[in-house]
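Hi,

Here is the structure I promised to pass on. Have a look at it first, and then read on for what turned up.

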Amino acid sequence: MRSIPGAVAESSPPASSSTAKCDAEAGQTLELLARDLVYRSQGYAAAGQFDLAARSLEQALLMVPAIGDPFAKTEMVANIAGESGGQPSTMEQMILHASKSQQKEISLALLPKIAAATQALEGEYGVINTKRAILIRLARYYTTLGQTEQARSLLDEAEQLLGRLQGDGFGLIAAPLAEGYAAAGEKSAAIAVLDRAVRQTEAMKTQDQGYLADIYRAIAIGYGKAGAEQPAQRAAERIQVPVVKAKTLAAIARHLAQAGSPAAAETMLTQAQDILSTLPEGSRSDAMAEVALAYAESGQWESARERVGKISSAEVKIRTLAELASISHRANRPEPATTLMADLAAIARTISPFDNGDSLLREISSQYVANQQYELALALSQSLDENLRHDLLLKLVEEASAAGKFAIAQQAAEVIPPGWENQTRYISLRSLAAGYAQAGQYDQAIQLLTQIKDNSNYPSQSLGRVAIAQAYREEGQVDRAADQLTQALKALETLENSPAKLEAMGAIAVTFAQMQQSSQAADAQARALAVAKALNPQGSTSYSVEQLLSQSLKAQEYPLAFRLVEALGDSEERDRPLQMILQQMLDAGELSAVSKAAEKLYNPHQKVAFWLKVADHYRGTGQPEPAAEILAQALAIAQNLTGPDENSFAAAAQIDPSIPVNDEFDRGSLLEAIALRYAEMGRHEAARQAAQSLRSPLDQERLIQRLACYQG
């Protein structure tokens, strides 16, 4: 048995060698971990698990100070803030949800932490420029949430950075700041920033008119948003690229029209059209769309429609008609909006291939629903083919019901094709019942249940009862909730076994668990597992168990989730679902519980690899002692694994073998991964002892040379 290092006293540094390759940056392992946390937070946000999304981002923020490279550190904060990375970002999804639901607490608790990480960033021009962009984005979030004082404070910090960002293109970095000030109600500050940008742009020596056009367009639109008509026009006049100038004038006109200055808007629209008349037809579409929308904002609907007719691109014309309908809807002009819907659907049918037109209509309809413009979505549905209409109407009923817009939801439900055995209609009525229950209108919800029937593939009435029970639970009416769940469970028992029945029983188990009724939850879960076994009489039930597991994880009902894993027995089959639970708990920062539960992993390679994840989380959150203890446990197992030393850390850490994993920072074998983590923590003697666990003297020497890179 090899010796096991724990919190070993530091006595001698690792050997150095002239052949050592020292290319590791401080904090690279934690940078990778933070990046994974941000990535997973997007999934939580998309699933509506905003508390988990926020906790994942908080965990990622704790890793930021350990990242050595200032550019990597800055990029990580930008990713967390939503200034870079996948879109829509986690923060964008959280802010949108907060603004719609008025449940702002989670976002408002997280924003100061991101701001603090941003304020700590220091470095060269690129770092400072990104810092400016992050501060402006955070200010925009605060403005969206109605917190203008916090927004202005961050904008002031961004403004102070402008002195370090001199040079050509200054207008492009100043304009977003000005727009932030304008949105926060600080129009004079916005104008001052733009005046400064004009002076800097005038001093530029470049002859690149396209580049200058982009800069002056940004400045001019910024002035327009700040309500500064004359400076906006002067900036636009400096643009020497005709199509950019026309689009800019139209965009300014639209802002002026929205601000209640139709005469000024008309002047700029006339100038824009004069320019467009000199351009080839094929290059006019985007600019003509801007002109049409500006006319609509001014209330000149006939002029707007006339300009739409001059747009040559079918896609641009469709998008413009869709936006015109949105403007018309906001102006309470439903009849023109209905006509516009029919027109854009007719144009979409002329696009080849046809699925491009369908995709465009699907995108527009989804946007209407997301913007809660349900009347427009309903009007558009009437012009769609059967499949598109079916999908849109179901989504419309679901979203409108959840938003408490029952009249439009009922209208949509009435025109939905009933589907096979009325199942589509039953699904829509179930959404309505759930909406009424969430609004506290239980009589209406329960009355709707009498119009819904169950079958094994679509147990809509039973799922409606579960939704009503969840609403009762949230109001503390536990007995009524339990009654609905019991009725649903009895109804499900009469149906043939199916995946839908399994899912419904899982939802009942989760709801009982949320009500602290553990025995009823266990009973419902046992019935669900019986269905899973009946569906897979000769094979594995792991897939069905994972279906149930996802429900428990979404509700963060971990005891219920662990019971599902135990149902798989002591076999390697349990490792994947168990790691799904542990990963979510890690993301939420529940490190102590995860450390203990990881003991239950069956495969020793998986256990070692997962303990390394836990150790990384402890290190990243500033807890080196627990990290060292877990590394010692991991080493004790890794030393006794059979086979060659080339046990791949990436392979052992892999939960799903169908998805390839690359160990970005070349940590190599499990033993190497342990040794390198000790070295990253500054525990060099422990790292040396771990390296000496390798069987090959040559491998030992190679790793010890690498460990020397971490000796400061």
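**Aromatic pairs**

The count of aromatic pairs comes to two, where rings of Phe, Tyr and Trp (its six-membered ring) pair if their centres lie within 6.5 Å, and planes under 30 degrees apart count as stacked, over 60 as edge-to-face and the rest as tilted. The rings of F406 and Y436 are stacked, because their centres are 4.1 Å apart and their planes stand at 20 degrees. That pair links distant parts of the chain: F406 is in helix α21 (residues 406-415) and Y436 in helix α22 (residues 423-438), 30 residues apart. Helices here (H or I, at least four residues) and strands (E, at least two) are DSSP runs, numbered from the N terminus. F406 and Y436 are buried, and buried means under 20% relative accessible area, exposed over 50%, partly exposed in between (1.4 Å probe, protein chains only).

The other pair is Y442 with Y472: ring centres 4.1 Å apart and planes at 10 degrees, so this one is stacked. Y442 belongs to helix α23 (residues 442-449) and Y472 to helix α24 (residues 460-474), so the pair ties together parts 30 residues apart in sequence. Y442 and Y472 are both buried.

One more ring is worth a look. K600 lies over the face of F562, 5.6 Å from the ring centre; a charge sits over a ring if NZ of Lys or CZ of Arg is within 6 Å of the ring centre and within 35 degrees of the ring normal.

**Before you go further**

This is a predicted model, so keep in mind that local features need pLDDT of at least 70 and side-chain atom pairs count only at pLDDT 80 or more, while totals for chains, interfaces and linings use all residues. Residues are numbered from 1 along each chain as its sequence is written, and side-chain values use heavy atoms, with hydrogens and water left out.

**The whole protein**

The protein has 37 helices and zero strands. Its C-alpha atoms fill a box of roughly 85 × 75 × 45 Å, taken along the principal axes. Of its 712 residues, 52% count as buried. Contact means heavy atoms within 4.5 Å, and among contacts with a separation of 6 or more, 64% come from residues 24 or more positions apart.

**Helix α30**

Helix α30 (residues 575-587) has 13 residues and reaches 18 Å from its first C-alpha to its last, close to the 18 Å expected at 1.5 Å a residue. That expected span is 1.5 Å times one less than the number of residues.

How much of α30 is covered? Most of it: eleven of the 13 residues are buried, including P577, L578, I581 and M585. The buried residues pack against α1 (28-46), α2 (50-63), α28 (542-554), α29 (558-566), α31 (591-597) and α32 (604-620).

Take α32 from that list. The axes of α30 and α32 come within 12 Å and cross at roughly 5 degrees, with axes being lines fitted to C-alpha atoms, for helices over the stretch in contact, and angles running from 0 to 180 degrees between N-to-C directions. The two helices, α30 and α32, are therefore roughly parallel to each other (angles under 35 degrees count as roughly parallel, over 145 as roughly antiparallel, 65 to 115 as roughly perpendicular and the rest as oblique). D575, Q579, L582, Q583 and L586 of α30 make the contact with Q606, F610, K613, V614 and H617 of α32. Just after α30, G589 takes a positive phi of about 85 degrees.

The peptide bond from S352 to P353 is cis, with omega near -5 degrees, and P353 is in the loop between α17 (334-348) and α18 (354-370).

Q372 is not a glycine, yet has a positive phi of about 60 degrees. Q372 sits in the loop between α18 and α19 (374-381) and, at 37% relative accessibility, counts as partly exposed. Q516, also a residue other than glycine, has a positive phi near 65 degrees. You'll find Q516 in the loop between α26 (499-514) and α27 (518-535), and at 68% relative accessibility Q516 counts as exposed.

**Two single residues**

T143 is in helix α6 (residues 125-144) and is buried, with a relative accessible area of 19%. Leaving aside neighbours within four places in sequence, T143 is in contact with A151, A183 and A184.

H390 lies in helix α20 (residues 386-402) and counts as partly exposed at 25% relative accessibility. From H390 to E266 is 124 residues in sequence and 42 Å in space, C-alpha to C-alpha.

Cheers
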